[in-house]
Amino acid sequence: MYDIFISYAREDLPRVKELLGILEKQGWSVFWDRRIPTGKTWRSHIGQALENARCIIVIWSKYSTVSDWVNEEADEGKKRGILIPILLDSVQPPHGFREIQAADLTDYKSGQSSEVMDSLFADISLLLEQEPKPIVDINNKYIPDNQLYKETGKKEKIKQSILFSKSKFIIFGIVILIVTIAIYSFFHIRQDPVIKKVDNVSTSTNGGSIEKTDDPGRDIMAGDQNPKWLIVVSSTSEPDITAIERKCAELINSGFDVKIIESKDYPKLGFEFPVCALGPFDSKEQAVIMLRRVKGKLPEAYIKQGR
């Protein structure tokens, strides 16, 4: 199964290859070779890749708009709600596709940063993340969407069955969690002292011993804080942070939501002095999506776990 299927006219192959390379650098698998191997048919090679693709990109140009093959492949993407149109020439898409917003790359220059290209990557990422997992039957066999649609009502029944099973599992898990918390509270909460953090000194509320900790961002009893991820834009190894402040001010004036991060608040950064960063983000996935959006204008940016 490919992440992306590219539909295009053969005359546009040189331009499509450049776009292919950019997409593959994002880590996506792309089907683009329209040559049918010996012994294969269109349906067994190209048709199968089209049906299994998670995203269908159609390249509209002066050649592809009159291609029956491209129109048929684009219609498949439209029916499944996974179509991403791209304009390489200043043309109108065929009837039936004009109401779908297309990414206009007619003015795109090779090797240059482009807001349209950044938005295109973000839209593809969002589509691939929301794509549901394949539906399986009780024998763990994949059921194609077109087969389910042929059997009236069967797809909806399978979805309802899966949702009902998941709901029962979630409810059972919640009950087990509540019982576990109740048992733990009954046997332990009265015996365990509450340890608070005051100026790097841990004190026990039951009059017990006082313990020092070298980690300013961590309570002894509470454990590590929730993981946070940052997109580091600029850092310094010098105590003078004037350059960092100036960099942050420039980026803020350019519309970036950056701020100065204190290293003591994010011990896993590994920096002794403040850094200019975007975030924090609750997950690495969120940080990756944002990095793709700003990478064109901030090529030096990279992801780092803060805590």
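Here, buried means under 20% relative accessible area. That cut-off is the one to keep in mind for the close-ups below, all drawn from a predicted model.

**View 1. Asp89, a buried residue in a loop.** Asp89 comes in at 15% relative accessibility, so it counts as buried. Look for Asp89 in the loop that runs between β4 (83-87) and β5 (103-104). What does its side chain reach at 3.1 Å? The answer is the backbone nitrogen of Lys62. Setting aside residues up to four places away in sequence, Asp89 touches Arg15, Trp60, Ser61, Lys62 and Thr106.

**View 2. Asp12 and its contact with Ser61.** Here we're in the loop between β1 (4-7) and α1, where Asp12 is found. Asp12 has a relative accessible area of 1%, so this aspartate is buried too. The side chains of Asp12 and Ser61 make a polar contact at 2.3 Å. Once neighbours within four places in sequence are left aside, the contacts of Asp12 are Ser61, Tyr63 and Ser64. Ser61 turns up in View 1 as well, as one of the residues that Asp89 touches.

**View 3. The disulfide between Cys248 and Cys276.**

**View 4. Glu245 on helix α7, with Pro274.** Stay with helix α7 (residues 242-253), and you'll find Glu245 there. Is Glu245 buried or partly exposed? Its relative accessibility is 40%, so Glu245 counts as partly exposed. Pro274 lies 29 residues away from Glu245 in sequence, yet the C-alpha to C-alpha distance is 9.5 Å.

**View 5. The second largest pocket.** This one zooms in on a space of about 340 Å³. Its lining is made up of 14 residues, and those closest to the centre are Ile22, Gln26, Asp118, Phe121 and Gly296. Which helices each supply at least two residues of the lining? They are α1 (13-25), α4 (115-130) and α8 (284-294). With three residues, α4 gives the most.

**View 6. Cys55, and a step back to the chain around it.** Cys55 has a relative accessible area of 0%, so it belongs with the buried residues. Zooming out, the protein chain has eight helices and twelve strands. Of its 307 residues, 34% are buried. If you take the contacts in the chain with a separation of 6 or more, 60% of them are between residues 24 or more positions apart.

Note on methods:
Residues are numbered from 1 along each chain as its sequence is written. This is a predicted model: local features need pLDDT of at least 70, side-chain atom pairs count only at pLDDT 80 or more; totals for chains, interfaces and linings use all residues. Side-chain values use heavy atoms; hydrogens and water are left out. On a 1 Å grid over the protein atoms alone, a cavity is a set of points where a 1.4 Å probe fits but cannot get out, and a pocket is an open set with protein on both sides within 12 Å along at least five of seven lines; lining residues have an atom within 4 Å of a point. Grid points are joined across faces, edges and corners, and a volume is the space filled by probe spheres set on the points. Helices (H or I, at least four residues) and strands (E, at least two) are DSSP runs, numbered from the N terminus. Buried means under 20% relative accessible area, exposed over 50%, partly exposed in between (1.4 Å probe, protein chains only). A polar contact is a pair of N or O atoms within 3.5 Å; within protein, one must be able to donate a hydrogen and the other to accept it, and residues adjacent in sequence count only if both atoms are side-chain atoms. Contact means heavy atoms within 4.5 Å. A disulfide is a pair of cysteine sulfur atoms within 2.5 Å.
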